[in-house]
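Q: I would like to learn how to read aromatic contacts in a protein model, going from ring geometry to the surroundings of each ring. Could you take me through it step by step?

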Amino acid sequence: MTEPAAIEHAKKEPRADDDWHRPAVGFALAGAVVAVLVIGVVDLPRAAAALPDIARHAMEIALPQWGQNEVVSEIVYGSRGWDTFGETFLLLAAVVSVVTLTRSPEARTEYIGESTAGRQEQAEIDPQGGGGDGDEQEARQAEEQEEQEEGEDVAPNADDLPLGTRAPERAAGMSVVVRVAARIAAVPLIVAGFYLCLLGYTPGGGFPGGAVILGVALLLYTAFGHQAVGRAVRPSVVEPIELLGAMVIIAVGLFGLLFKDSMFANFLTLAVPGTIRAGGTNQLFSGAELIEVATGLAIATFSLLGMKHDWAPDEDGDGADDGDAEADGDGGDSDGQGAQP
Amino acid sequence: VIVANYVAAAVLFSLGLLTVLTRRNLIKIILGLSLMESSTYLLMVSMAYRRGSTAPVLTTPPDGKSSSDLVHGNVADPVLQNFCLTAIVIGVAVTAVFLSAAVRVAQHYRSVDAADMTALKG
């Protein structure tokens, strides 16, 4: 290759075509859809229309049946509890999909633990641990050594260094100003997240609360880098918590069926409206939803952020021009190599 | 008038659809899907609006009224607010699925052009 390395590297970026694709068909279809939609929406109830019966019904039962001041929360966790249950498990399904899609084919991060399980199985089959010929052993040792070296490459935590140390700020974390500010801001934000859920005056309670908690995790990720957050937001920590939230939701539904003959019916005694325990099972559901949303979205986001560079191997050298040639590549075993110049 | 919001939602939805139809870059297709998603939030929140209404909250009734007055009073539609609330969280999760699939596709095909994804072509 006579080209400078940078040009060659740029050629290996994923191919993206920015041309319009059949613009006439696209504009015609989108135009037809907008025409149909506009005809539809101008007939929708306007700002002067009466509330639908279902909304008025929810307003009427919120206080007597649920002891809940916040009608939106009553609908989310009371009247439409079964529907919210379905949506929660849709969220869980989406999280499972993201985890499945983003996990590495090789067990570098031990996200699922295939390599640990494989090692145990290997030890059972072959207690001597010899396994394979010399070449294979050599390759395995080299791989392990490489993994260790990768681990040693980790820079020390900038916050452990004494102040005034003359060293470049690490790219993983942001400057000391941002780190201090993030530390201060994180505490009231976490409190705000739980407050939104606990007092139940917020529409939805656990949904916005969980989103705020995820926001705190992302703030800390931005300020401190993945190493600092990775210690807390670990799959082995977050996933059990998420499933615990899911189990609480199932339990709330089943207890309602058991005691009140209907899924998600309120089986708790009603507290004074406006207090923390107000709303019967609404608060329980809302708290479980806080856990579910915060951890579920955290798993999805951090799985996406932590995706490895599993580029398909470059078979013919100039993969940028020919997408089909790589179509049958293994997709897994050339970690980061393809992207190097 | 609130109909302008409805029409804006319809136009946003169609813009998203146009992106999905005429662009082959996977990231842009995902942006288009997100736009379609957002347009439904706008439509639902706009439909929940009632002229001169208050929030559907049964605390602190205004001077001289009781909570039962609020129950029959002029409030925004709580059911549609609830739809919007849950839809946002699901939308984030679904976008995460799209994006992780797009990253995997880009790594596998070395392309984010939908025309290059030919493995399932009959």
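The dialogue below reads the aromatic contacts of this predicted model.

Q: How many aromatic pairs are there over all chains?

A: Two rings are taken as a pair when their centres lie within 6.5 Å, and by this rule the count comes to 12 aromatic pairs over all chains.

Q: Is the pair of A:Y77 and A:F285 stacked, edge-to-face or tilted, and why?

A: Planes under 30 degrees apart count as stacked and those over 60 as edge-to-face; here the planes of A:Y77 and A:F285 stand at 50 degrees, with the ring centres 5.1 Å apart, so the pair is tilted.

Q: Which parts does this pair tie together?

A: Because A:Y77 belongs to helix α4 of chain A and A:F285 to helix α12 of chain A, the pair ties together parts that are 208 residues apart in sequence.

Q: Are A:Y77 and A:F285 buried or exposed?

A: Buried means under 20% relative accessible area, so A:Y77 counts as buried at 2%, and A:F285 is likewise buried at 1%.

Q: What does a stacked pair look like here?

A: A:F255 and A:F259 form one, with 5.7 Å from centre to centre and 5 degrees between the planes. Both lie in helix α11 of chain A, and because they are 4 residues apart, about one helical turn separates them. A:F255 counts as partly exposed, at 37% relative accessibility.

Q: Which residues do ring pairs link into a cluster?

A: The cluster holds A:Y77, A:W82, A:F85, A:F89, A:F207, A:F264 and A:F285.

Q: Where does the charged end of B:R23 sit?

A: The charged end of B:R23 is placed over the ring of A:W20, 4.3 Å from the ring centre.

Methods. Residues numbered from 1 in each chain as written. Chains lettered and ligands numbered in written order. Predicted model: local features only at pLDDT ≥ 70, side-chain atom pairs only at ≥ 80, totals over all residues. Heavy atoms only, no water. Phe/Tyr/Trp six-rings, centres within 6.5 Å; stacked < 30°, edge-to-face > 60°. Helix = DSSP H or I, 4+ residues; strand = E, 2+ residues; numbered from the N terminus. Buried < 20%, exposed > 50% of the residue type's maximum accessible area, 1.4 Å probe, protein only. Lys NZ or Arg CZ within 6 Å of the ring centre and 35° of its normal.
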